[in-house]
Amino acid sequence: CGKPLPGLELAWFGDGNNVLHSLIEAAGLFRFNVRVATPAGYEPDPAFVAQARERGARITLTHDAAEAASGADVLVTDTWVSMGQAHADAKLAAMQPYRVDRALMGRAKSDAIFLHCLPAHVGDEVSADVFESAQSKVFDEAENRIHAQKSILLWCFGLI
């Protein structure tokens with residue numbers, strides 16, 4: 001999105017999972033703010049939230065997706081159900097109000113971007129019109145990630 005991290009408003013939608021925990025941890029280190037919109041019972045681990053807040057990040061927890069999206073610079077989600085995860089039907093039903101769609105993107109800043117670490121289930125956590133829009137930077141995100149993974153492989157093989 002080209003904006004400095006301190007003060008950046010990132011909004012997360014869906015499950016309080018490992019990806020969200022990493023974003024919250026990064027917020028504490030790089031001083032950006034995270035608005036977390038999850039259904040009741042799917043909130044992030046309170047320890048990650050407390051640690052980021054102690055380091056100066058503003059972490060807002062809400063069950064209202066529209067509230068989290070309002071004025072955000074970045075909207076982020078992840079797959080709602082991981083492979084082999086039990087009770088998928090109940091979880092999918094709980095997550096429906098947290099789908100990133102055109103209406104939710106419309107509540108963010110006009111230059112807001114959409115991110116997803118992939119693979120995405122288009123139609124579940126993100127609508128096709130957002131995933132394929134100019135605001136979607138999911139493939140730029142994936143490209144950046146591949147360079148990090150290549151570096152890790154080089155390190156593992158003792159080549160750097």
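Student: Leaving aside its neighbours within four places in sequence, which residues is glutamate 125 in contact with?
Tutor: This is a predicted model. Glutamate 125 sits in the loop between β5 (113-116) and α6 (128-131). Beyond its neighbours within four places in sequence, the residues in contact with glutamate 125 are Thr77, Asp78, Thr79, Trp80, Tyr98, Arg99, Val100, His116, Pro119 and Ala120.

Student: Is glutamate 125 buried or exposed?
Tutor: Buried means under 20% relative accessible area. Glutamate 125 has 1% relative accessibility, so the residue counts as buried.

Student: What is the length of the polar contact between the side chains of glutamate 125 and histidine 116?
Tutor: A polar atom of the glutamate 125 side chain also lies 2.7 Å from the backbone nitrogen of histidine 121. For the side chains of glutamate 125 and histidine 116, the polar contact is 2.8 Å.

Student: Is phenylalanine 157 buried or exposed?
Tutor: Phenylalanine 157 lies in the segment after α7 (138-156). With Leu153, Leu154, Trp155, Leu159 and Ile160, Phe157 makes a nonpolar surface patch of about 740 Å². The cut-off for exposed is over 50%. At 62% relative accessibility, phenylalanine 157 therefore counts as exposed.

Student: How many of the residues of strand β1 (residues 9-13) are buried?
Tutor: Glu9, Ala11 and Phe13 point one way from β1, and Leu10 and Trp12 point the other way. Residues on both sides are buried. For strand β1, the count of buried residues is 5 of 5.

Technical notes. Residues numbered from 1 in each chain as written. Predicted model: local features only at pLDDT ≥ 70, side-chain atom pairs only at ≥ 80, totals over all residues. Heavy atoms only, no water. Helix = DSSP H or I, 4+ residues; strand = E, 2+ residues; numbered from the N terminus. Buried < 20%, exposed > 50% of the residue type's maximum accessible area, 1.4 Å probe, protein only. Contact = heavy atoms within 4.5 Å. Polar contact = N/O pair within 3.5 Å; in protein donor to acceptor, adjacent residues only side chain to side chain. Patch = residues over 30% accessible without salt bridge, like charges linked within 9 Å, V, L, I, M, F, W, Y side chains within 5 Å. Areas by Shrake-Rupley, 256 points an atom, 1.4 Å probe, with all protein chains shown as cover. Salt bridge = Lys/Arg side-chain N within 4 Å of Asp/Glu carboxyl O.
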